[in-house]
Structures are given as C-alpha cells and as structure tokens.
Amino acid sequence: MDVAALRREFPVLERLAYLNAGTDGPLAAAAVRSAQLELEAALGEGRATSHFERRFELQAKLREGYARVMGAAVEDVALTTSTSEGIGAVMAGMDLGPGDEIVSSDQEHPGVIGPLKAARERGATVRLVPFGELANAVGAGTTLVVCSHVGWVSGELAPAELAQVDVPVLLDGAQGSGAVPVDVTALNCAAYAAAGQKWLCGSDGTGMLYVSPRWRDRIRPIAPSYISLEDTTRGLESPYKADARRYDTPSLSREVVALSAAALEVLERHGFDDVLAQGRAQAAELARRLREAGHTVAPRGDSTLVAWEDPEPEATRDRLREAGVIIRNLPGRPLLRASVGAWNDDSDLDRLLAALTPDARAWRGERETARSPAEA
C-alpha cells in the first residue's frame, strides 16, 4: 500500500507523531467533510421526514461496513455507541446471577470490569485468571467467558482455543476491529463488541455489536426502544425485530454516523487488508527498536499495541507530548503504550525513539532550528 498517500488523509500527521489510535484514531479530512455536509444539509432543510430518512440510510451504510470489518452477516450486527455499551448489553441481557460462573482475565479494561462487577452484585460468581489461561479455566459450572480479543495493556491476543469451548464467549474487540483481522465465524464467539472511534478512525459515540444467531434468544434486549420494534403500532404486543437490530442503541446522530461511515471508506479505499497488515508490521518494528534501545517491552501478540516499562509514565507521556509525540500511559501500571497504525511511518517511530532518549530536548531544539521561517 501507499503509506504516504494514506498519511495525507490525516492532517494531524503533518504536525504530530500520532500513536494513540487505541484511544481515538486520527480523523481523516474526508470524514470530517462528510459530517459537515450532513450538518449543513440539516441546517438548510430542517429536520423533518427527509432528515430521518437520511439518518436511517446512513445507519444502514455503517452497519454494512461494520459487518465487513467483523466478517459478519449484516443482519447479525447492531449499532452501538461504544464497546462498553455492547459488552454491558450482552451481559445484562443474559440475566446472569446466582448459579452462574463467569470466567474473565486479570487484565481486562474497565469496560469489562464494570459489567463483571454488576453481574457479581446480582449473585454471579466471577473468576479471574491469567489471560493466556482463559480457555483452560472453563469448567463444568462456567456460564460465560468474557475477555478482550486483543488485550488493551500490551496487545496480547486471546487464546485461539477459546473457539473450541462449549460455553458462550463474549469478546471485547476495542483493540481488535480495524487493528487485526476479525472473523467472528472463525472466532466462534457468541458476541463481539467493538468501537468505531479507535482503529476505524470514526466518530466518538459509535460502535458495533455482533450477536450470533445461535445466542440471540439467550440475550434479551435490556433497554428496547422505538427502533428495536418491528411494528410499533401494536403497543405492548409489538414484536422485537427478528435480527440484531433489536439491540441497536436508541439514537445516533446523522453527522456522527456520516463521519464513521466515511472514515471506513477511507481505510477501505487504501485496501483494508493492507491497512491491517501494515499497522501490525509497524508495531512489530517499534517493539524491536525499543528493545534494541534498552527498553523492556511488555509481552505482546501480532497486534498494533506496544507497551514498555517506564518509571515515571505520566511525566514521560507529557514530555513526549511536548516533543510532538502522542502516546498514553496505562493508569496503575508503570507502562507507556503506543498504538501504531498503517498511517504511521518510520519518521513517527524515529521521533518517538528520539524523544525517549536523554537528549530529547536537544533533538527538539534541532528540529525547531531546521524549520523554515514560513513553517515557524
């Protein structure tokens, strides 16, 4: 793929080494223009019948795109506002309580911890095990396995053996969709929740939820709304929609959906499989260079996340930001994390490594000196 052409889609890369897609991906200019056009249309036309028809048209387009990303049938995909909403909807919809055992890992994101806590408060047993031992921990009394597809701390992948367990598996795909190949059929998961704003570079407040037809009747809608119902004229007898649209979030704005749909179009135009491969290759290169520079890199899989030890992660994060390098620290852990996308090239990695060295301040000064008067 043409990395330089992809980079030109994201104006932020003209100024910064942006390595934070695991939180929020960079915004593409074309995606922002798409959102602006929808707002301008609503501004001029008002928000009546045609406005709502356009909203539903855009939602159908985004659902189709998310289905492609997950390797799922369109009818098995719900639109959500976040990974966390999808995780919570599935776990609450299963009515887990006394007699149910949930197996999860000891390094899950708060988006999983919250629903686990709620299930335990309803009487379910929660058992946390090392990430690599998840499949082995499933026993006769296990009702559900819930865990990250790609661990948010260091980028480890969930054990492939989870596809063989005989209980439903709910995967947190926040660091999966748009970062690594996802095939929900091969994963054999009951549900897969993911985000639109991270590796897919979409808008905050967008996400996706795959629910396997096999488990659809086991997961009731926990907050059904107007759009969950097939025929709203029947009052309390109104049936739920037969497919995953019964789990749709009640309302997504026109401009938000337009931005996320257009962002996905940008990535697909550059070859989605190539985007996935390039991001993982660049992350592996960063991990190699960090080790060579003497940094202790956390165990990781073939993903787009790279974490390494740092004695003062918050201070180093802030110092790197001043040097034009955007990464994050991991709260409660002596770790920094870079999220490497296909839009990151060697110049971004060079800038990160240089900013980590003791002479980072001198390096920044050299860059300022090298800037032309017009740039300044």
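How many disulfides does the count come to? I worked from a predicted model, and by the distance rule the count comes to zero.

**Entry 1: cysteines.** I looked up Cys147 and found that its closest cysteine sulfur, in Cys189, is 9.8 Å away. A disulfide requires the two sulfur atoms to lie within 2.5 Å, so the separation of Cys147 and Cys189 is too far for a bond. I then checked accessibility. Cys147 is buried, at 0% relative accessibility, and Cys201 is likewise buried, with a relative accessible area of 1%.

**Entry 2: nonpolar cores.** I turned next to the largest nonpolar core, which holds 63 residues. Met70, Tyr192 and Trp343 touch the most other members of this core. Helix α7, residues 254-269, is its greatest contributor, giving nine residues. I listed the contacts of Tyr192, setting aside neighbours within four places in sequence; among them are Met70, His149, Leu171, Val182, Leu187, Met208 and Tyr210. I also noted another core of 23 residues, lying apart from the largest one and including Leu96, Ala191, Leu209 and Trp215.

**Entry 3: a three-stranded sheet.** I traced an open, antiparallel sheet whose strands follow the order β9-β12-β11. Strands β9 (305-309) and β11 (328-329) are at the edges and have a single partner strand each, so one side of each is left without a neighbour in the sheet. I found two bridges joining β11 to β12 (residues 335-339), and Asn329 stands opposite Leu336 of β12. Helix α8 (residues 272-292) packs on this sheet and touches β9 and β12. I recorded an angle of about 15° between the direction of α8 and that of β9.

Notes. Residues are numbered from 1 along each chain as its sequence is written. This is a predicted model: local features need pLDDT of at least 70, side-chain atom pairs count only at pLDDT 80 or more; totals for chains, interfaces and linings use all residues. Side-chain values use heavy atoms; hydrogens and water are left out. Two strands pair if DSSP finds at least two bridges between them. Helices (H or I, at least four residues) and strands (E, at least two) are DSSP runs, numbered from the N terminus. Contact means heavy atoms within 4.5 Å. Axes are lines fitted to C-alpha atoms, for helices over the stretch in contact, and angles run from 0 to 180 degrees between N-to-C directions. Buried means under 20% relative accessible area, exposed over 50%, partly exposed in between (1.4 Å probe, protein chains only). A nonpolar core is a set of buried Ala, Val, Leu, Ile, Met, Phe, Trp, Tyr and Cys residues joined through side-chain atoms within 4.5 Å.
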